[in-house]
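Biologist: I would like to go through some of the terms used for this model. Please give the value and the cut-off each time.

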Amino acid sequence: MIDYDPFSDEALRDPLPIYRRLREESPVHYLEKYDCWALALFDDIWRVSADDQRFSVRQGTSAPQLLSKILPVFPNLNAIDPPHHTELRREIWRWFTPRAVRQYEPELRRLTRERLEELVPRGGFDVMDDLAFPVSSRMACIMVGFPPEDAEFLVELVRRFFRREDDTPGMTEDGMAAYEEMNQYLQDLARTRIAQGVSPDSPVDALIARKTLDGERPSLETRGSHLMLMLTGSTETFPKTFANALYRLAEHPDQRAEVVADPALIPQAFDECLRYDAPTQFLCRTMLEDVDIRGVKMRAERPVMLLYPSANRDPAEYADPDRFDIHRRPGRSLTFGSGVHRCMGVHFAQLEGRVLLEETLGAIPEY
């Protein structure tokens, strides 16, 4: 029987062979160390994501909350079940619609071009540190509502929070310190804007101004938790996905040449990059009742890990899934999650991917 631990050296180095074995040998897999279950197949993860009656997020969705249990759980959009989640998401959604995010394209393109004009003459640069992080963090602050002058400070906090060390499973000591600093900054921001009489002109201000969150009057800790989700969600993931996209296109120069010759292929090429290198290894749910999946009985109150990269390589869902193919047009996707908790930032992420790839490939087509 396969022994899967998401924090083992083998899993951290390259989890894909492990995911393949899980799909083939143990698609509903029990992890005794964490008293939880892991799902490896696309269809199982798709169904669980849609089942908010039996699978809850109220106890958290991340490993530090449900596996190592070193972080507290405050209610935010990722940790609220319907109907309160539905109500809050509906209120915030107006800033994340395709029409709403299109207005940011001129500024996004301007920032990207300015950055490339500075970087290209150097003859080489770090895609994440020098291009993706500066551009995406500035745009995130503009769109979501954090002070733009604090962009570099906030991104460094987020990077410290997510940074890992080879000899430390899970979060590092500095990551915990960054979490506390971030939490304090966000609570101070909420306190200041409440004192100033905040008006709901951005997602951040709408969350700060709201009188109830999760059906209750929110504390500063709860407001800070909502803001932390906005901050990490809008700054941390995109730079990794963009770097992976450039890496995979360089690995497949024929397909890169196609995209350079026909930029209309960029959106679907970016989608394939996201499928091929899913940025999130897993998120979790907690079972509210005993559940049977593929004949395996899982007891209530246990976490269930949804292994997204495994689902994205499931041959039952994708033909020849280990092949990188920018012409692939899948019917379903878990890249941004699924169900009521599907990522709200999907349209902004797609805009960022398209614009940064257009500008980067236009400036250095044969990097």
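Modeller: This is a predicted model. Arg160 touches Asp174, Gly175, Ala177, Ala178 and Glu181, leaving aside residues up to four places away in sequence.

Biologist: What makes these count as contacts of Arg160?

Modeller: Contact means heavy atoms within 4.5 Å, and Asp174, Gly175, Ala177, Ala178 and Glu181 are the residues that Arg160 touches.

Biologist: Why is the pair of Arg160 and Glu181 called a polar contact?

Modeller: The side chains of Arg160 and Glu181 come to 3.0 Å. The limit for a pair of N or O atoms is 3.5 Å, so this pair is a polar contact.

Biologist: Why is Arg160 called buried?

Modeller: Arg160, which sits in helix 9 (residues 151-162), has a relative accessible area of 16%. Buried means under 20%, so Arg160 is buried.

Biologist: What makes a set of residues a nonpolar core?

Modeller: Its members are buried residues of kinds such as Ile, Met and Phe, joined through side-chain atoms within 4.5 Å. The largest core has 68 residues, and Ile92, Phe146, Met182, Leu227, Met230 and Phe242 have the most contacts inside it. Helix 17 (residues 346-363) gives the most to this core, eight residues. A second, separate core has 18 residues, among them Tyr4 and Leu31.

Biologist: Which residues does Met230 touch?

Modeller: Apart from residues up to four places away in sequence, Met230 touches Leu77, Ile92, Phe96, Val144, Phe146, Pro203, Leu207 and Met344.

How values were computed:
Residues numbered from 1 in each chain as written. Predicted model: local features only at pLDDT ≥ 70, side-chain atom pairs only at ≥ 80, totals over all residues. Heavy atoms only, no water. Helix = DSSP H or I, 4+ residues; strand = E, 2+ residues; numbered from the N terminus. Buried < 20%, exposed > 50% of the residue type's maximum accessible area, 1.4 Å probe, protein only. Polar contact = N/O pair within 3.5 Å; in protein donor to acceptor, adjacent residues only side chain to side chain.
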